[in-house]
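Here are my notes after going through the model you sent.

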Amino acid sequence: MRASKTRSAGTPTVTGSRQRIGGTRRPIVNTSVQSLLDTWLKQAEALRRYGGGNLAVVLERCADELEATLRERDETTLTLTDAARESGYTREHLGRLVRDGKIPNAGRPGAPRIARRYLPQKHRGQGSLSGARLARKRDRREVFNRQIVESIIEKGID
């Protein structure tokens with residue numbers, strides 16, 4: 001890791017990759033949040049290198065608190081109804097995944113719950129149409145356009 005520039009406040013900007021001292025960080029799904037954690041830890045290391053030990057400790061504590069909050073959020077359990085609302089899948093489908101053992105049951109038999117970290121997220125197509133509906137609509141349009149072109153070729157334009 002190397003310091004690349006100095007900001008106006010005298011804090012060096014650090015580039016390069018870094019492993020956390022004292023253990024490895026658990027991967028967090030949201031890459032922008034992980035990026036923020038990594039940035040704080042890089043800045044803490046640079047501060048420590050240039051004599052800002054107290055500020056480095058503050059940044060490391062902030063990173064630890066954010067990571068603990070994210071871990072707590074991931075461990076939160078949801079009812080099937082709440083899980084369906086968050087994931088985009090139906091309550092029945094999620095219940096089937098729990099029954100089949102594809103998602104661990106964080107509740108009890110007859111009253112399943114799903115830990116947020118195991119909650120699948122349904123891919124949502126762009127716009128108001130789902131990906132499959134949009135593809136079908138596009139296919140119909142292409143067939144219709146092809147029919148027009150074939151008709152023009154066959155009969156000519158009048």
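1. Arg117 comes out as partly exposed in this predicted model, with a relative accessible area of 42%. Its side chain meets that of Glu75 in a salt bridge, 3.2 Å from N to O. Arg117 sits in the loop between β4 and α5 (131-155), while Glu75 belongs to helix α2 (residues 53-75), so this pair ties together parts that are 42 residues apart in sequence. Glu75 is partly exposed too, at 37% relative accessible area.

2. How many salt bridges are there by the rule used? The count is seven. One of them joins the side chains of Asp74 and Arg73, again at 3.2 Å, N to O. Asp74 is worth a look here: its relative accessibility is 10%, so it counts as buried, the cut-off being under 20%. Arg73, at 40%, counts as partly exposed.

3. Another salt bridge links the side chains of Asp82 and Arg85, with 2.9 Å from N to O. These two are three residues apart in helix α3, so about one helical turn separates them. An α-helix has 3.6 residues a turn, so residues three or four places apart point the same way. As for accessibility, Asp82 is partly exposed at 31%, and Arg85 is exposed at 61%.

4. Which residues make up the largest nonpolar core? There are 10 in all: Leu78, Leu80, Ala83, Ala84, Leu94, Leu97, Val98, Ile103, Ile114 and Leu119. Helices α3 (80-87) and α4 (91-99) each contribute at least two residues to this core. Setting aside neighbours within four places in sequence, Leu80 contacts Arg91, Leu94, Gly95, Pro112 and Ile114.

5. Leu94, Gly95, Leu97 and Val98 are its buried residues. They span an arc of only 160° around the axis, so they lie on the same side of α4. Glu92 and Arg99 are exposed on the other side of the helix. What do the buried residues of α4 pack against? Their partners are α3 and β4 (113-115).

6. Next, strand β3 (residues 77-79), where Thr77 lies. With a relative accessible area of 27%, Thr77 is partly exposed. The C-alpha atoms of Thr77 and Ile114 are separated by 5.2 Å, although the two residues are 37 apart along the chain. Ile114 is also among the contacts of Thr77 once neighbours within four places in sequence are left aside; the others are Ala106, Arg113 and Ala115. Ile114 turns up in the contact list of Leu80 as well, and it is one of the residues of the largest nonpolar core.

7. Last, a spot in helix α1 (residues 31-49), where Asp38 is found. Asp38 is partly exposed, at 29% relative accessibility.

Conventions:
Residues are numbered from 1 along each chain as its sequence is written. This is a predicted model: local features need pLDDT of at least 70, side-chain atom pairs count only at pLDDT 80 or more; totals for chains, interfaces and linings use all residues. Side-chain values use heavy atoms; hydrogens and water are left out. A nonpolar core is a set of buried Ala, Val, Leu, Ile, Met, Phe, Trp, Tyr and Cys residues joined through side-chain atoms within 4.5 Å. Buried means under 20% relative accessible area, exposed over 50%, partly exposed in between (1.4 Å probe, protein chains only). Helices (H or I, at least four residues) and strands (E, at least two) are DSSP runs, numbered from the N terminus. Contact means heavy atoms within 4.5 Å. The arc is that of the directions from the helix axis to the C-beta atoms. A salt bridge is a side-chain nitrogen of Lys or Arg within 4 Å of a carboxyl oxygen of Asp or Glu.
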